[in-house]
Amino acid sequence: MLRGEFESAGELSPEELRTAYGETLADTVEAVGVDTVVERSGVDRDVVEAVAARDEPELTLEAAAAILSTDPERPDGETLKMDALDMLLMGMTTAVVDVDAVATGLDDEMDPKEIQQKVEGRYPITLAEYAAVHHFLESR
């Protein structure tokens with residue numbers, strides 16, 4: 001999700017990668033505090049508390065980026081989200097794969113059009129979906 005923080009993404013399963021994202025989010029909530037994260041991110045308190053408890057609630061990339069952006073050492077949420085999506089687009093370019101290949105590589109969990117819309121940021125992508133695409137691209 002963030003450059004340099006998940007360099008072994010291709011060596012982890014998508015589930016392990018999603019858990020690693022969750023750890024980073026939980027560490028952020030722990031460092032900043034639940035109240036501050038809720039106030040600054042706009043993410044529902046129950047969701048933030050679940051993140052803090054390391055329960056891995058279903059989150060969109062946008063919500064995860066909003067949580068991460070509450071850390072004063074990180075950029076704003078929109079920048080984090082767009083950077084994460086750019087990483088996928090660059091990964092597709094580097095791996096020389098198109099959305100059809102990604103869909104096939106994900107056992108057709110998402111259709112090619114859906115993948116394209118999500119990777120381009122035109123449709124929300126969950127962290128689990130992001131982890132699956134990130135893992136696939138890094139493992140190529």
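Residues are termed buried under 20% relative accessible area, exposed over 50% and partly exposed in between (1.4 Å probe, protein chains only). The model is predicted, so local features need pLDDT of at least 70 and side-chain atom pairs count only at pLDDT 80 or more, whereas totals for chains, interfaces and linings use all residues. Residues are numbered from 1 along each chain as its sequence is written, and side-chain values use heavy atoms, with hydrogens and water left out.

With a relative accessible area of 4%, K118 is buried. Beyond its neighbours within four places in sequence, K118 is in contact (heavy atoms within 4.5 Å) with L85, M110, Y123, P124, I125 and E129. Its side chain also meets that of E114 in a salt bridge of 3.4 Å, N to O, the term denoting a side-chain nitrogen of Lys or Arg within 4 Å of a carboxyl oxygen of Asp or Glu. E114 and K118 are separated by about one helical turn because they stand four residues apart in helix α7. E114 is partly exposed, at 24% relative accessible area.

Another salt bridge brings together the side chains of R45 and D35 (2.6 Å, N to O). Since R45 lies in helix α3 and D35 in helix α2 (residues 34-41), the pair ties together parts that are 10 residues apart in sequence. Here R45 is partly exposed at 34%, while D35 is exposed at 52%.

Most residues other than glycine have a negative phi. R54, however, has a positive phi near 65 degrees, and the phi of V96 is also positive, near 50 degrees. V96 sits in the loop between α5 (77-95) and α6 (99-105) and is exposed, with a relative accessible area of 70%. T94, in helix α5, is likewise exposed, at 65%. Although 44 residues separate T94 from E138 in sequence, the two are 9.6 Å apart in space, C-alpha to C-alpha.

Notes. Helices (H or I, at least four residues) and strands (E, at least two) are DSSP runs, numbered from the N terminus.
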